[in-house]
Structures are given as structure tokens and as C-alpha cells.
Amino acid sequence: MSKSPYLTKSRFKLAAECPTKLFYTNKKEYADKQMEDEFLAALAEGGIQVGEYAKLVWPGGTEIYARTSDDAVRETEKLLIQEEVILYEPAFLFQDMLVRVDILIKKGNHIRLIEVKAKSFQSSSNWFNKDGTQVTSKWKPYLLDVSFQKYVVSNCLPDSLVESFLAVCDKKHLTNVAGLYGNFVIKNQDRTVVEVQDPKLVDPKIITCENADSAVEILWNNSYKIGNQSFSYESYIQKLAQSYQQDVKIDQPISPACRVCQFKTDSDNSKQKSGFHECWKSQTPLTNHDLKQPLILDLWNYRGKQKQLDKGVYKLSDMDVADLDKIEPGNPGLSQKERQALQIKYAKKKNNEPIYLDKKGLRIEMDKVQFPIHMIDFETSSTAIPFHSGMRPYEQIAFQFSHHTIEKDGSVRHENQWLNPYPEKFPNFEFVRQLKKAVGQHGSIFRYSTHENTILNAIYNQLDRSNEKDKTELQEWIQTITYRNDEKRTDIKIWEGDRNMIDLCEWVKAFYFDPATNGSNSIKAQLPSILNNSGYLQEKYSQALYGSEIPSLNLAPTIWLKKENGQLISPYKQLPKLDFLDLDADTLTERTERFMQKEELADGGAAMVAYNYMQFKGMSEQEKQSLQNALLRYCELDTLAMVMLWEGFNDLISN
């Protein structure tokens, strides 16, 4: 099948991110990670499910099933002859621009164009800046999508009054309908499809439909830049459509957004081309070898990347430390600026420098710890369509935890774990009961990053509106191991528990830096680092002690320190594949994290995808058990990784 020559709404959205991407999309010779992961995107974002859900909210419509664009346009035109009609996925072609509208409602010459998004919503006032003159960056991609559709439809139906709407998920609505999420089964066939199990199972108030015309008018009146040239809205989209139709590359200046470009190969041995490399080599003096080195894009938490690019500074080794933002040191250990300076310093070194380790600072913190040590990790999910009655869209579900203990004599065991055995039941309160029982009353509790604190705070709020007999007891216990900041004054704490969880990630940021992590503080980056730098860990985990002498609840005796061609194999890559997707946990996490950019889905990964999949009706017991086993292994490795970090730090400060 030849490439469609039309600028569609998905291609327009891609061009709004970067016009150059239009040249690379839909070409087999170029790597495209987004195309590879359509099924995972559907599971992670819930966008396809919400689109199907909206059809139940506006029932009685006719679906345009035609696969070719021309057939879809002709079918739409025939149906629009009717005085009143509801259409799903109708097609409109104007010049070289084609849109498929999610839902279109016609009454006489009045057209309602509805774009459905899996996006949480509180008020349309949040779409605009304070004086109401511009659309905020957070909402601009969604409203640009609507503006493009309205432009095309209005030109196709010049005698009609076209109103545009954005249908989004009402984050304030508490549903009283159970089983909504599992009613929409996603299947990965020749394309991703959704099967609705019961058309009558719906809560219309989950979706709110907001008029977007005022935002569209603002966007139509804005100017748009391609390179150094400014365009009106109409000339902008016509330029994009013409470039795509003629297969002409638009050279857009490189920017910090290049860091997440999907048209990038990760290996020199890839059979596909890298659009990222083509752009950077054409606009900078960098070679393929240079592009393997740390770039300005890799500098951790640095907001001045565009200024550096504008000055012609592309490699991290060429950056002047004096250009860093002036941030005063706060807590003990490295400040943000000092950590960024370290990253630049190591990039400038030509030889292999030893890691940075603040032994004194780390020892002070480690000496405060009370044994037994509890390492905990949560797996959670947050979806547009609620799993259970009594929930709001994008409300958190805590379905699993893993718990390792370390005794004062150094002995380690995988002590506890919990996984919701009944996916159809709301798990959060039993989750807290089991966690409370697991960590007991003594010893320091560790988490990695802020996720666990955020989740327990969310469950505290859920308990507020519950009728649980032990709600007060559970809330009081949550307060003992968490903290809560004032919403308006984040420097003011409402509470901080006596056993407030210690954030192991903050220790990494403050006291430890390895240039091999390329600025990443994720536990998936830190685990190989500590294994490579601790002799104690190398000796211990090169033997099959874990799962034998070191008790494990899920794993057979395992050697975690394995190498291939002299390179350490990440323990995450050693986990068995997830059968339902034929992917190892490391690859699945990497892919799903690309879809975790929304604030509602800031946490998650492989476990979230697997648990969401378990909500679908019709799964066999064998499939469920396979997924549950994979979830248990994956979560266990997360807390084992925390154990290894503790052991590695203890080893390094002792030498």
C-alpha cells in the first residue's frame, strides 16, 4: 500500500512537536519507536478505550469502517445528506488535509465536532493563561488537534455552523458503576482494536464535553514559526501539508525536545536509519562518534539547554560550568548545581575517572538508620476509565508491594509481598493493612523516589470518604511513615511521621555519582552502576546465593552478576519474558515509560501494563497466573535492587 499523501491530525500533531518529523514518519527505512509500541500505548494511556467509551455516551451513531481515505470520505458525504445523524470516525478531505473526527453530530446545518481525549479535566479555565489571551503549553497539543479538525471540517461544510468540543475525563466525578475498565478489551491483531463487552455498561458523567471554540480562535489567530520564518495559522498548516505531500524535509532547528525523538536508533548495528542523527549531523559539526558522547541534552535537570544550543554548545564536554543556574546548597550532600557540575566535569575527562562518593556524608546518614531495615516498592495503576465503583478517573490503584529486610548482621531476606488476588475488587485499603503488618513497628523504611509517599497520601484521602471500620487506625499509621506538604506552600509540612520513609534516591543524588549513568538517577541506571563498582557485590552476586541462602519468595537460585562481551547484563534483562507480550521486563518498562509523560501516568511501567491487562474479561486462569508470576518477580527485583544499593554503599564507605 502506498503512503497516504495527506496531512492527517496525527501527522499534524507530530509536526507541531517538530516539523522535521513529517519527513521521517511512515517510512520503513527510519526507526520509529512510537510505531513499534502502539499496543503498549493503548494499554498505558487508555486513549483507545476512552474513544470507544465515548461512543456509548453518544450512542446510535454510524461507524465509518472504510479503510482507504477516499472511500471513507465518500461514505461520510453520503451519510451527511441526512438531516440528523451521528457519525463515528467520519472523514473530511480539504486540499491535502484529511481528518477523521472522533464523533460528529449533525442537526440541520449545525455540526458538533467532538474530539475525545484520555486527559483529566477540572475546568476549561485551565486551558488559558491568567489573562485568557493564550492557550497554556499543557493544553496546547490537544487544542491544536481540535483547531486543525475544525479548520478542515469548516472548509468542507462552508454552509454549516461548526462548533468544536473537547471530550475529556472529569477528574471530579465519582462513579458508582463497577467493571467499566474491563468492559473494553484491547486486542493486538493486525491493528489495535477494542471490543466492547456490554454496551449498556456506562457512566456518561465520566466524560465531560467542553466547547473549545474560544481556544480554537486564539490558536487560529496566533503566528507559527518554522525555522526563522513566521506563518499565519492557515499558511502554517498549508506549508506542512505541502511538504508532506511532496516529501520535502523541513529543517527545524535542533532543540532540547530532540532528547525524546522517536526517530532514533539505539545501536550502530541497526538496519534502519536514525532521523535524530541525520538532523544533528546536518546542523552541527558533530560526527557519529561525537553523538555517542554525553550531549547537552543529557545534563540532569538543567533548564538552560536551549541557551547552550543557541551558542553552538552541543557536547557536554564543551559546556562551561560557570553557565549553570545559581542554586544554593540546601540539604547535606550535593546540590543540584554541584551534581550538574560533576556531570560536566566527568564529560570533560578523557580517561576513566573513579566515581564520586561522599563517604563522610553517606556514613552520617547510614549511621542514623535503625535495624531491621525495610526496603519497599509499590506497583500502581492510574487509568482514565476507573477500575472500580467509588473511584474517579485517574485515581490511583495500589495493587502490589514487595518487601525486603536487612538485619544488623547483614542478613537479607525477601520478607513479604502482596498482590491483589482479585483484580475486580478495590485493593487499596487491604494493601495498607498488609503493608502495615509487613513492616511492623520497628526499623527504618526505605523507598526509592517519591512515588510511595504520593500513593500513601492518596490512599489517606480515599480513606476519608470510606466507611472502613479501621479507617482512623489506617490513617494514623500512614501518617507515621509519610510526610505531607501544604498544597500552596510546599516548604511547610502538614505532618512528618516518626518513621517517615527514607528516600534512597535522594542519597544517590546527594552522595554518589557515576558518569556511566549519563545523569540518570533511576534505579534501573543505578543498579548496574553499583554492581560494577562494589567488589563486595561482585563477589556475593556472582554466586547463586540469592534464592538459596538468601530467601526469595519467587526466584530460583540466581546469579545476578553476569556479563556479555565484558559488559554487565542488567538484572532486569535477566527476568523471564512476560508471556502475553513476549517482552522482557526491561524492554517493556523502557517502552511503556515513553508513554508516561502525562501527569496522571507519571508512575508505572511494566507492572502497570500487566495489571491493566488483567482487568480484561475472558482471560484464562493460566494467563492470569502467568501475569501474576511475572508481576511478583518484577517487583521483587525492585526491592532487591534497593538492597544491593544499600550493600554497595556500605561496602564503598568502608574501603
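Modeller: Residues are numbered from 1 along each chain as its sequence is written, and side-chain values use heavy atoms, with hydrogens and water left out.

Colleague: Why is Asp 290 called buried?

Modeller: Its relative accessible area is 15%, and buried means under 20% (exposed is over 50%, partly exposed in between, with a 1.4 Å probe and protein chains only). Asp 290 is therefore buried.

Colleague: Where does Asp 290 lie, and which residues does Asp 290 touch?

Modeller: Asp 290 is in the loop between α10 (275-283) and α11 (305-310); helices are DSSP runs of H or I, at least four residues, numbered from the N terminus. Leaving aside residues up to four places away in sequence, Asp 290 touches Pro 285, Leu 295 and Lys 315, where contact means heavy atoms within 4.5 Å.

Colleague: What makes up the largest nonpolar core?

Modeller: A nonpolar core joins buried Ala, Val, Leu, Ile, Met, Phe, Trp, Tyr and Cys residues through side-chain atoms within 4.5 Å. The largest has 88 residues, and Trp 507 and Phe 649 have the most contacts inside it. Helix α23 (residues 621-654) gives the largest share of this core, 15 residues.

Colleague: Where does pLDDT stay under 50?

Modeller: Over residues 588-604; pLDDT is the predictor's confidence in each residue, from 0 to 100. Where pLDDT is low, the predicted coordinates should not be read in detail.

Terms used:
This is a predicted model: local features need pLDDT of at least 70, side-chain atom pairs count only at pLDDT 80 or more; totals for chains, interfaces and linings use all residues. Helices (H or I, at least four residues) and strands (E, at least two) are DSSP runs, numbered from the N terminus.
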